[in-house]
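This briefing is for a reader new to the structure below.

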Amino acid sequence: MNLSVRSSEIEIMDDLNISGEVVPQTLKELNTINQYLGGNRISMQCFKKIIKKKQVNSLVDLGCGGADILIQMAKNSSGTDVQFVGIDANPHIVEYAQRNTSAWSNIEVSCANILEEAFQKQSFDIIHCCLFLHHFTEKELIHLFVSFKKQARKAIIVNDLHRHFLAYHSIRLITRFFSKSFMVRNDAAVSVARGFKRSELTKILEKAGISNYSLKWRWAFRWQLIITCD
């Protein structure tokens, strides 16, 4: 695998018709990986920081998967009026997420394509993307960030992968021995190969006309990006 440039290899999860037992198995394993490798903590740090400083009434999580991060956010925002929205383009994943969040009246999960005009007309206080933006090309990402800048009233949170040979080979080994999901075993390494170098992210942000942001490297091989919108 040539990691000097972003891979264009398609992940199994990019097939919006994928269904069956692999969906819950994959979503459960991804949540476990995010918990143990500290991925969820990166998003939670950003969320807690923002709600301490700003009045937040709505947050949308794009590519929400099983919506586990929304549940964590809801637990940490008790006493506030934050309404959480999860968006995913795969209806089978949405069905799982809706069941997973059924006990939370302030979490709503729906199926939508974020590239379509109908979604891009909507606005939220916070837009959150975790392990989601690496699924898009540079051209698509520039378009998305331009749209996000118009849609987000307070902030944009991005939590995504640093493309690095250690991350690539480590996740290949971990998932080969411990994953029961063929989707995780395939997609985990592909996701890293589709991840970002710092210079690639800053280039995309520059082309999207975004300058007011903080970009930090976090363990394990993640980028934590906060864009201030107000």
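**Salt bridges and a helix pair**

Arg-153 is partly exposed, with a relative accessible area of 38%. The model is a predicted one. Arg-153 has a salt-bridge partner, Asp-125, and a search of the whole structure finds 6 salt bridges.

**Asp-125 and Arg-153**

- The closest N and O atoms of Asp-125 and Arg-153 are 2.8 Å apart.
- Asp-125 has a relative accessibility of 3% and counts as buried, because buried means under 20%.
- Arg-153, at 38%, counts as partly exposed.

**Glu-138 and Lys-203**

- A salt bridge joins Glu-138 to Lys-203, with 3.9 Å between the closest N and O atoms.
- Glu-138 is in helix H6 (residues 138–151) and Lys-203 is in helix H9 (residues 198–207), so the pair ties together parts that are 65 residues apart in sequence.
- Glu-138 is partly exposed, with a relative accessible area of 30%.
- Lys-203 also counts as partly exposed, at 39% relative accessibility.

**Glu-200 and Arg-163**

- Glu-200 forms a salt bridge with Arg-163, and their closest N and O atoms are 2.9 Å apart.
- This pair links distant parts of the chain, 37 residues apart: Glu-200 lies in helix H9, and Arg-163 lies in the loop between E5 and helix H7 (165–178).
- Arg-163 is buried, its relative accessible area being 0%.
- Salt bridges that share partners also form one network, made up of Glu-138, Lys-203 and Lys-207.

**Helices H2 and H3**

- Helix H2 (residues 39–53) and helix H3 (residues 68–75) have axes that come within 11 Å and cross at roughly 40 degrees.
- The two helices, H2 and H3, are therefore oblique to each other, because angles under 35 degrees count as roughly parallel and those from 65 to 115 as roughly perpendicular.
- The crossing of H2 past H3 is right-handed.
- On the H2 side, Asn-40, Ser-43, Met-44 and Phe-47 meet Ile-69, Gln-72 and Met-73 of H3.
- Sorted by class, the residues in the contact of H2 with H3 are 4 nonpolar and 3 polar, with no charged residues.

How values were computed
Residues numbered from 1 in each chain as written. Predicted model: local features only at pLDDT ≥ 70, side-chain atom pairs only at ≥ 80, totals over all residues. Heavy atoms only, no water. Axes fitted to C-alpha atoms, helices over the stretch in contact; angles between N-to-C directions. Helix = DSSP H or I, 4+ residues; strand = E, 2+ residues; numbered from the N terminus. Parallel < 35°, antiparallel > 145°, perpendicular 65-115°, else oblique. Left-handed = near helix turned anticlockwise from the far one by under 90°. Contact = heavy atoms within 4.5 Å. Nonpolar A, V, L, I, M, F, W, Y, C, P; charged D, E, K, R; others polar. Salt bridge = Lys/Arg side-chain N within 4 Å of Asp/Glu carboxyl O. Buried < 20%, exposed > 50% of the residue type's maximum accessible area, 1.4 Å probe, protein only.
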